[in-house]
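Reader: I'd like to go through this model with you, one spot at a time. Could you show me the sequence and the structure before we start?

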Amino acid sequence: MALEIERKFLVVGDFKAEAASHTRIVQGYICSERGRTVRVRMRSEEGGAGKGYLTIKGPSTDNGLSRYEFEKEISIDEALSLLTLCEPGTIDKVRWLVPMPDGHTFEVDEFHGDNEGLVMAEVELGAADEAFVRPAWLGEEVTGDRRYYNSQLRKNPFTKW
């Protein structure tokens, strides 16, 4: 298992001109209780073959800043089969990768479906106090706000807030 340290922000401006690539992601949750999640994800790049992933995450610590994560690549067929076991509701989004001059990369998620209109960015860090460049399009920090966890957006979509 690896420790994932990340900060999340709302996006308030245009970031797409700075993006290096993007992929479509559809994901569901086999289990999402008490901060622990088992997630099934399908990721497809434009014009390319898709990949599947099975991810297990532990509960958040440090006010939502870090949590343990285990991820394993699986076949698309396996991901499709596992999606049939998921709790109701899926997350549908396009993830844009935006590299920064300091070596960090922001993952900007543009949500669709029941979460249409929500755009969120996260940056993974090596340490909780690690400095990073804040682009002009970065808005309010929502790290630790459970409403913005994908597992919660599935249950309580952004369009119903």
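Reader: Is Asn-63 buried or exposed?
Author: Asn-63 counts as exposed, with a relative accessibility of 72%, where exposed means over 50% relative accessible area, buried under 20% and partly exposed in between, using a 1.4 Å probe on protein chains only. This is a predicted model, in which local features need pLDDT of at least 70, side-chain atom pairs count only at pLDDT 80 or more, and totals for chains, interfaces and linings use all residues. Residues are numbered from 1 along each chain as its sequence is written, and side-chain values use heavy atoms, with hydrogens and water left out.

Reader: OK, and where is Asn-63 placed?
Author: Asn-63 sits in the loop that runs between β4 (50–57) and β5 (66–74); strands here are DSSP runs of E with at least two residues, numbered from the N terminus.

Reader: What is the phi of Asn-63?
Author: The phi of Asn-63 is near 55°, which is positive although the residue is something other than glycine. Most residues other than glycine have a negative phi.

Reader: What about Arg-34, what is its phi?
Author: Arg-34, also not a glycine, has a positive phi of about 50°. Arg-34 belongs to the loop between β2 (21–33) and β3 (36–45), and with a relative accessible area of 69% Arg-34 is exposed.

Reader: Switching topic: is Arg-95 buried or exposed?
Author: Arg-95 lies in strand β6 and counts as buried, at 6% relative accessibility.

Reader: Which side chain does Arg-95 join through a polar contact?
Author: The side chain of Arg-95 is joined to that of Glu-107 by a polar contact of 3.5 Å, that is, a pair of N or O atoms within 3.5 Å, one able to donate a hydrogen and the other to accept it.

Reader: And what else is Arg-95 in contact with?
Author: Beyond its neighbours within four places in sequence, Arg-95 is in contact (heavy atoms within 4.5 Å) with residues including Ser-21, His-22, Arg-41, Arg-43, Asp-109 and Glu-122.

Technical notes. Helix = DSSP H or I, 4+ residues; strand = E, 2+ residues; numbered from the N terminus.
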